[in-house]
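Open the model in your viewer and keep the selection tool at hand. The tour goes from one group of side chains to the next.

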Amino acid sequence: MSRALVAVIGLTALLAACSGDGPSESQRQEAFLLHLKEEGSDNAKIRDFESSKCTKSESAPTYACDVSATVQAMGRDFDHELDGIYTFAEIGGKWKVTGRIQ
């Protein structure tokens, strides 16, 4: 099998895994920033954000998504200290962080 075909198959599988009713990466970033602000950091800013993998929960209408972020909040920089797996749920038409798994 050619490398191009393998790449196309891999990309198709990745897109299929990311599609569905889960939050897009931009929706996860927006929800994560809102979460930081709700936790008491009104002036929080995300410097770098990555979130590439989400898994739908079988027992609740949530998605567990990996988050890696560099954040400035409460007058200091958090260099990936807030990285982890967070749960996201659509509430009132907007995606929100509903918890942290690890």
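A residue counts as buried when its relative accessible area is under 20%. Keep that cut-off in mind, and note that this is a predicted model.

Select Phe32 and Tyr86 to begin. Both residues are buried. They belong to the structure's aromatic pairs, which number three. The ring centres of Phe32 and Tyr86 are 5.2 Å apart and the planes meet at 75°, so this pair is edge-to-face. Now colour helix α2 (residues 25–38), which holds Phe32, and strand β5 (residues 84–91), which holds Tyr86; the pair therefore ties together parts that are 54 residues apart in sequence.

Next, select Tyr63 and Trp95. These two make an edge-to-face aromatic pair, with 5.9 Å from centre to centre and 75° between the planes. Tyr63 is in strand β3 (residues 63–73) and Trp95 in strand β6 (residues 94–100), so the link joins distant parts of the chain, 32 residues apart. Are these residues buried or exposed? Tyr63 has a relative accessible area of 12%, so it is buried; Trp95, at 9%, also counts as buried.

Stay with Tyr63 and show Lys56. The charged end of Lys56 sits over the ring of Tyr63, 5.5 Å from its centre. For another such contact, select Arg76, which lies over the face of Phe78 at 4.1 Å from the ring centre.

Notes. Residues are numbered from 1 along each chain as its sequence is written. This is a predicted model: local features need pLDDT of at least 70, side-chain atom pairs count only at pLDDT 80 or more; totals for chains, interfaces and linings use all residues. Side-chain values use heavy atoms; hydrogens and water are left out. Rings of Phe, Tyr and Trp (its six-membered ring) pair if their centres lie within 6.5 Å; planes under 30 degrees apart count as stacked, over 60 as edge-to-face and the rest as tilted. Helices (H or I, at least four residues) and strands (E, at least two) are DSSP runs, numbered from the N terminus. Buried means under 20% relative accessible area, exposed over 50%, partly exposed in between (1.4 Å probe, protein chains only). A charge sits over a ring if NZ of Lys or CZ of Arg is within 6 Å of the ring centre and within 35 degrees of the ring normal.
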